[in-house]
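Take a walk through the fold shown here.

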Amino acid sequence: MIRKVLIANRGEIAIRIIRACREMGILTVAVYSEADREALHTKLADEAVCIGPAAAKDSYLNMEQIISATMITGADAIHPGFGFLSENSRFAKLCETCHITFIGPDSDSIARLGNKAMARQTMIDAGVPVIEGCEKPLTDAKEALEIAKEIGFPVIVKAVSGGGGKGMRVACTEEEFEQAFLVAQKESLQAFSDENMYLEHFVENPRHIEFQILADHYGNVVHLGERDCSVQRNHQKVIEESPSAAVDEELREKMGKAAVLAAKAAGYKNAGTIEFLLDKEKNFYFMEMNTRIQVEHPVTEWVTGIDLIKAQIRIADGEKLKWKQEDIRISGHAIECRINAENPSENFRPCPGKIQDMYLPGGKGVRIDSAIYSGCEVSPYYDSMIAKLIVFAASRKEAIEKMHRALGEVIIEGIQTNIDFLYEIMERPDYQKGNFTIEYLEKVLEEMGENKQ
């Protein structure tokens, strides 16, 4: 039985995990950097341990310090949240070696699915649709160009160890290719210490559709429907919703079966997300699998009624899934907006600082996941997301109206945020009609720039 969980993360996801553990009667340990000494997660956890200086590499990415904190406090499990060490196979392996329960998949699954080339081959072997691409990792731009010609332009260059939109570039012509490859490779080296790249044919103007899955240790796998994450900027999601306006019941069943097949082919256990690209002809292709809880998990929780953090803990504790696929029902519509400390009018420049005053909305069907409070400091050392605003209603139209109302109530003084930008998106007829793809925000930003001139 898991009795005490150390949360190897910070911010709203640390708060989210603490709350789930408390409801389950599980003790919690927060870890924090020197910059986060007054952070909310350190106050809400049963214990808190400082693990190093402000820089993430010296604290939240410091595996040895986190393992030490786990042992010192007597925690028997670690929940990594998302980001930081959540998809680090070496960290998961270290937990296994130290007999600490890692609340997530095993280290082999993380390594296999975290390597984009290996994940792609796993899906090909399982019969899951994939985009045409190269069959081996590439490090040489000239060799890669020859393969790109065989695949056909446009192509997308991706880091084998990539994630979060890093190490990705699109080349529409041969002339653009070498520069795109070298820039993506440099990003990959900086972010993942890996120069290996791979290529795929670039599907133009698709939607980004992902399926949440849960898999236990006994071969049981279910999917919890889809999330539409097409509203994104620089491959970073901004607005997510479930279900997708582009997916009907027949397509949902087809994609869901592929997601379950993908998880089973990988021998996956715990919560995970299968990400697909959906083209205009409703053809879908495997893109990648995220071996962790997602930022956007609350929209799935709301339309299914399933607490994903609690499910993760129960699976890690050896429990069988209590649902079969026929038990999963998608009801209503949920939308999530990521509230970031950034200035959209200055190319989304991060805006850290002290929150002087704030008011967050409420009411039926409104949820806030956040770790901010009046007087807290938004650190320049970490991601700029400071809150997630999630709404639920009976229909997509009502959910948009509720999100519009809720965004209009948010007050955060002392720093700049993207709230007005999100508010404007909710007012756009194309968004309201569900007419958007992953290139949507680029067009919106172009229009906004033209209107200001």
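**Loops, sheets and helix pairs**

P154 lies in the loop between α7 and β6 (155-163). Helices (H or I, at least four residues) and strands (E, at least two) are DSSP runs, numbered from the N terminus. The model is predicted, so local features need pLDDT of at least 70 and side-chain atom pairs count only at pLDDT 80 or more, while totals for chains, interfaces and linings use all residues. Residues are numbered from 1 along each chain as its sequence is written, and side-chain values use heavy atoms, with hydrogens and water left out.

P154 is joined to F153 by a cis peptide bond, with omega about 0°. A cis bond also runs from S242 to P243, where omega is near -5°. P243 sits in the loop between β11 and α9 (249-265). Another loop, between β4 and α4 (89-97), holds F84. F84 is not a glycine, yet its phi is positive, about 45°.

The protein has 15 helices and 22 strands. Its C-alpha atoms fill a box of roughly 55 × 55 × 45 Å along the principal axes.

Turn to the parallel sheet. Five strands form it, open, in the order β3-β2-β1-β4-β5. Two strands pair if DSSP finds at least two bridges between them. β3 (47-52) and β5 (101-102) are at the edges with a single partner strand each, so one side of each has no neighbour in the sheet. Helix α1 (residues 11-23) packs on this sheet and touches β1 (4-7), β2 (27-33) and β4; its direction makes about 175° with that of β1. Contact means heavy atoms within 4.5 Å. Axes are lines fitted to C-alpha atoms, for helices over the stretch in contact, and angles run from 0 to 180 degrees between N-to-C directions. Strand β4 (residues 77-79) is joined to β5 by two bridges. There, A77 stands opposite T101.

The antiparallel sheet is open too. Its eight strands follow the order β13-β12-β9-β10-β11-β14-β21-β19. β13 (284-290) and β19 (366-370) are its edges; each has a single partner strand, so one side of each is left without a neighbour. Neighbouring strands are turned by 25° against each other on average, direction ignored. β9 (residues 207-215) and β10 (residues 221-233) pair over six bridges. One partner pair is I209 with D228 in β10.

Finish with two helix pairs. Helix α7 (residues 141-151) and helix α8 (residues 174-192) pack at about 130°, with axes 10 Å apart. That makes α7 oblique to α8; angles under 35 degrees count as roughly parallel, over 145 as roughly antiparallel, 65 to 115 as roughly perpendicular and the rest as oblique. The contact includes L145 of α7 and F181 of α8. Its residues divide into seven nonpolar, no polar and four charged. Here Ala, Val, Leu, Ile, Met, Phe, Trp, Tyr, Cys and Pro count as nonpolar, Asp, Glu, Lys and Arg as charged, and the others, Gly among them, as polar.

Helix α5 (residues 107-114) packs against helix α6 (residues 116-126) at about 95°, with axes 5 Å apart. That makes α5 roughly perpendicular to α6.
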